[in-house]
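Subject: Structure for you to look through

Dear colleague,

Please find the structure below, together with its sequence. Once you have had a look, read on for what was found in it.

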Amino acid sequence: MTESAGNKNEDCHAANGVKPGRNGMVKNHHHHHHQYQKQDKVYHAACNGELYSRPFIESFEETPMLVAVLTYMGYGILTIFGYLRDFMREWKIEKCHIAREREEQKDFVSLYQDFENFYTRNLYMRIRDSWNRPICSVPGATFDLVERSSNDYNWTFEYTGRVVKDVINLGSYNYLGFAENTGACATAAGEVTVKFGVGVASTRQEMGNLDKHEELEKLAASFLGVESAMAFGMGFATNSMNIPALAGKGCLILSDELNHASLVLGARLSGSTIRVFKHNNMQSLEKLLRDAIAHGQPRTHRPWKKILILVEGIYSMEGSIIRLPEVIALKKKYKAYLYLDEAHSIGALGPNGRGVVEYFGLDPKDVDVMMGTFTKSFGAAGGYIGGRKDLIDYLRTHSHSAIYATSMSLPVVEQIITSMKCIMGKDGTTIGRSRIQRLAENTVYFRRRLREMGFIIYGNNDSPVVPMMLYMPAKIGAFGREMLKRNIGVVVVGFPATPIIESRARFCISAAHTKEMLDRVTTRFLATASTSNHLDHFKAALYPFY
């Protein structure tokens, strides 16, 4: 697994896009050159090795046929019982808790799609207690959780009055541990609150442009290594409101199939033609680029006004890192523009926390639009876009988010400034560098421990997002509840956020976690197995490949 991918480009295209079938092998949306096999697992090094200055290894496994069949059977049984319960509700045998259309509107077209209603009331409600859990402390390495219970199968909740203390937090995107209420960031934010207040009550173009906003944007540009940067009050809106300002009718957007909803919404709002390429599959992307240039726009065959490639640094559901050197090579070859979303990678990758561009040792100027958020590694809120000065000047006058949205709150701005200076070492300490290093160490250690225990995990070895496969619907709620009983807070994810046969638990590693905390988590996994009356049953529930 440590062998370099450099100088290994032969036979790369022959392996591109090949789907080996449902036998535990790699998914078809990854194309790679070299394989490392170990017990049904397949590790892959990137092709085009001359573009990489370091090994690029990701592991994915196709869902085995047996597990896929059992998963579909589980959903099928739930669906049958769901229709039965709907029949009982219709005849008033069972009480219906869900909101319904008013009687006088029974002849109207329904406000909701029928299947969405069906899925919500019959499947989601069974495991609803696994989400929206209220916490009552700082979401740091640990947090305190307000306990709640339900007497009507998760339709409503009641607080018990008890607080569950010191739950290990493996769900927050607190990558560098700056979500804290003590230390330099909290002190600085408190001082700014006293001086400026909390609300700005105006847009940047009116009376809401403060000196702190200017300071933040200059600092962000310096941190990213670009000419200029612009800050926005909401990370989601940074994508959804700025992409329409960059592309429109007559433009082509090429979007990775696993892109975040904010990127998808922004692309749709732009009115551009959208084509989707397989995740991290450079052969799929190149085919779309080649066809776009060869054939032009539909019907008229005129050249596209511009071609914009949308990708993310780290994909938060897969733990996958974008193959950025190859994307940039294709972008240059076909004269396209590149929009990079670094929401999860900024601060979390690279020796200095400057994201996926630094991680691969690339020039920031090769990325046309560098987008990211302050909500994760910086422990704050909002987002940014960095790039050439003329690009940022254009967005200041054409972006809906810049023109109509209220300015960022000053305490939030100060939190970002202080944490960013800490990461850059401008605070005169090495705290930022040590946190970046600790995050990398924790990531590698935790991923290795899970693999050693036999769990199936997805993604890149250096990604702090660690998805662990659960597959079957019953395991989604069961795993979340069992972990909470052991004071471990995790995020469980299922359909429609993931493919129907790829439900998972997603762990987010933080620099705030200690090795002892991570050991406690893995030890409690094993303790659950050892205290089970049926060890094999537990292994079957958590280790489908055991």
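In this predicted model, Glu-414 is part of helix 14, which covers residues 410-424. Its relative accessibility is 10%, and because buried means under 20%, Glu-414 counts as buried.

The largest nonpolar core has 96 residues, and Ile-309, Phe-479 and Phe-507 have the most contacts inside it. Helix 14 provides the largest share of this core, namely eight residues. Phe-507, again leaving aside neighbours within four places in sequence, is in contact with several residues, among them Leu-170, Phe-446, Pro-464, Phe-479 and Phe-525. There is also a second, separate core of 20 residues, which includes Phe-232, Leu-246, Ile-253 and Leu-395.

Turning to charged residues, side chains of opposite charge can pair when their charged atoms come close.

- Lys-287 and Asp-291 form a salt bridge in which the closest N and O atoms are 3.0 Å apart. The two are separated by about one helical turn, because they are four residues apart in helix 9 (residues 282-295). Lys-287 counts as partly exposed at 47% relative accessibility, and Asp-291 counts as partly exposed at 26%.
- Lys-331 and Asp-368 meet through their side chains in a salt bridge of 3.3 Å, N to O. This pair links distant parts of the chain, 37 residues apart, with Lys-331 in helix 10 (residues 324-333) and Asp-368 in the loop between helix 11 (356-359) and strand 13 (369-373). Lys-331 is buried, with a relative accessible area of 9%, and Asp-368 counts as buried at 12% relative accessibility.
- Asp-393 and Lys-389 form a salt bridge whose closest N and O atoms are 2.8 Å apart. Both residues lie in helix 12 (residues 389-398), and being four residues apart there, they are separated by about one helical turn.

Beyond these pairs, Arg-85, Asp-86, Arg-89, Glu-94 and Arg-121 are linked in a network of salt bridges.

Finally, the UniProt record, which is an unreviewed entry, places the feature "transmembrane region" at residues 65-84. In the model, the span of residues 65-84 is 100% helix and 0% strand, and its end C-alpha atoms lie 29 Å apart.

With best wishes

Terms used: Residues are numbered from 1 along each chain as its sequence is written. This is a predicted model: local features need pLDDT of at least 70, side-chain atom pairs count only at pLDDT 80 or more; totals for chains, interfaces and linings use all residues. Side-chain values use heavy atoms; hydrogens and water are left out. Buried means under 20% relative accessible area, exposed over 50%, partly exposed in between (1.4 Å probe, protein chains only). UniProt positions are given in the numbering used here, feature names are shortened, and annotations may be inferred rather than shown by experiment. A nonpolar core is a set of buried Ala, Val, Leu, Ile, Met, Phe, Trp, Tyr and Cys residues joined through side-chain atoms within 4.5 Å. Contact means heavy atoms within 4.5 Å. A salt bridge is a side-chain nitrogen of Lys or Arg within 4 Å of a carboxyl oxygen of Asp or Glu.
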